Amino acid sequence: MPGLIPGLKEHGNMFYTLESAIELREKLRKFEKGRITIAMGVPHKCPVAPFEVIFMLDDYFNKKGIRDKVEIYYTYPIGRIHTLEPVAQWGVPEFERRGIKYETLFNMEKTEAHNGTIAVHSAEGFTVECDLLITIPPHRGTQAIIDSGISNESWVPTNRYSLKYEGYENVCVAGDTTNLPISKAGSTAHFESDVVADNLIAEIKEGHSARDYDGKVMCFIETGFDKGTYIHLTILRHQALYLILRRYIG
Ligand SMILES: Cc1cc2nc3c(=O)[nH]c(=O)nc-3n(C[C@H](O)[C@H](O)[C@H](O)COP(=O)(O)OP(=O)(O)OC[C@H]3O[C@@H](n4cnc5c(N)ncnc54)[C@H](O)[C@@H]3O)c2cc1C
């Protein structure tokens, strides 16, 4: 939802809809020199998307032979370059090896443009100027959650173990719509759905649920056009993530 940040719709480019991705592709084709800044809202869909876009930009401009004319500048809302500590630790030397500059504790507050230069202001009082702004927009749940009275936020209050709507034994919740402070990712929806399905079967057949959700998430990470890696987490690692993201979700 880029509309949540003043100026973002007008001055930012994203790849979260087909139309915006095509528009960004055209701008990148014409980009010959200058600074590209990546800034994001929280929470956002796919926690590894910021890294993926960085690594693909690096490869793209290397292949075009103009990487030395393009500065890639990454910003991130918390005090390290990724929410997940192991990912941040792995990322720092990767960024340095590829000459990617970064600014942490950067919560995008508003953007402006003057004479073709885009200024991205953070809530912390820092400003980054750039020639092209690529944003990962803040994600919110559907308005129907609020309108229906389920919650006064757009996320469904969810028990992190049973994946039941808080206070209701007969309503299961899975995917981005939960208020759980874990990755808004397809793999989260997938692993949560396994638990919901197992529990529904067990409740029908045996009268009680079969297992708790353990916070399992797995994401592949594109680290360039022809390279990749992955992260795999369960709830122990998510304890730290839970504390960090609690300020953003529910
Ligand atoms: C660019 C991008 C890259 C991504 N990359 C990855 C990745 O590499 N790995 C990964 O795991 N995840 C990735 N994700 C995240 C992943 O797509 C989501 O986390 C996942 O789709 C969530 O699934 P969901 O079923 O919970 O919600 P959704 O897929 O959002 O489905 C919700 C559905 O509900 C419908 N809906 C909403 N409101 C209403 C209403 N009032 N009435 C009826 N229907 C309604 C919507 O139209 C939608 O079809 C990416 C997302 C994006 C945008």
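The dialogue below treats a sheet, a pair of helices and some backbone angles.

Modeller: This is a predicted model, in which local features need pLDDT of at least 70 and side-chain atom pairs count only at pLDDT 80 or more, while totals for chains, interfaces and linings use all residues. Residues are numbered from 1 along each chain as its sequence is written, and side-chain values use heavy atoms, with hydrogens and water left out.

Biologist: In what order do the three strands of the open sheet stand?

Modeller: Strands of a sheet pair through backbone hydrogen bonds, either parallel or antiparallel. Here the order is β5-β6-β7, with antiparallel pairing. Strands (E, at least two residues) and helices (H or I, at least four) are DSSP runs, numbered from the N terminus; two strands pair if DSSP finds at least two bridges between them. Because β5 (108–114) and β7 (127–130) are at the edges with a single partner strand each, one side of each has no neighbour in the sheet. From one strand to the next the twist averages 20°.

Biologist: How many bridges join β5 to β6, and how many join β6 to β7?

Modeller: Six bridges join β5 to β6, and four join β6 (residues 117–122) to β7. E112 stands opposite A119 in β6. On the β7 side, V120 faces V128, and I118 is opposite C130.

Biologist: Is β6 mostly covered or mostly open?

Modeller: Strand β6 is mostly covered, with five of its six residues buried. Buried means under 20% relative accessible area, exposed over 50%, and partly exposed in between (1.4 Å probe, protein chains only).

Biologist: At what angle do helices α3 and α4 pack?

Modeller: Two packed helices are described by the angle between their axes and the distance between the axes. Helix α3 (residues 49–64) and helix α4 (residues 85–98) pack at about 20°, and their axes are 12 Å apart. Axes are lines fitted to C-alpha atoms, for helices over the stretch in contact, and angles run from 0 to 180 degrees between N-to-C directions. The pair is therefore roughly parallel, a term for angles under 35 degrees.

Biologist: Which residues make the contact of α3 with α4?

Modeller: From α3 come F51, I54, F55, D58 and D59, and from α4 come V87, W90, G91, E94, F95 and R98; contact means heavy atoms within 4.5 Å. These residues divide into six nonpolar, one polar and four charged. Ala, Val, Leu, Ile, Met, Phe, Trp, Tyr, Cys and Pro count as nonpolar, Asp, Glu, Lys and Arg as charged, and the others, Gly among them, as polar.

Biologist: What phi does N115 take in the hairpin of β5 and β6?

Modeller: In that hairpin, which has two residues between the strands, N115 takes a positive phi near 50°. In the hairpin of β6 and β7, with four residues between the strands, G125 has a positive phi near 95°.

Biologist: Is N115 buried or exposed, and what of L105?

Modeller: N115 is exposed, with a relative accessible area of 84%. L105, at 47% relative accessibility, counts as partly exposed.

How values were computed: Parallel < 35°, antiparallel > 145°, perpendicular 65-115°, else oblique.
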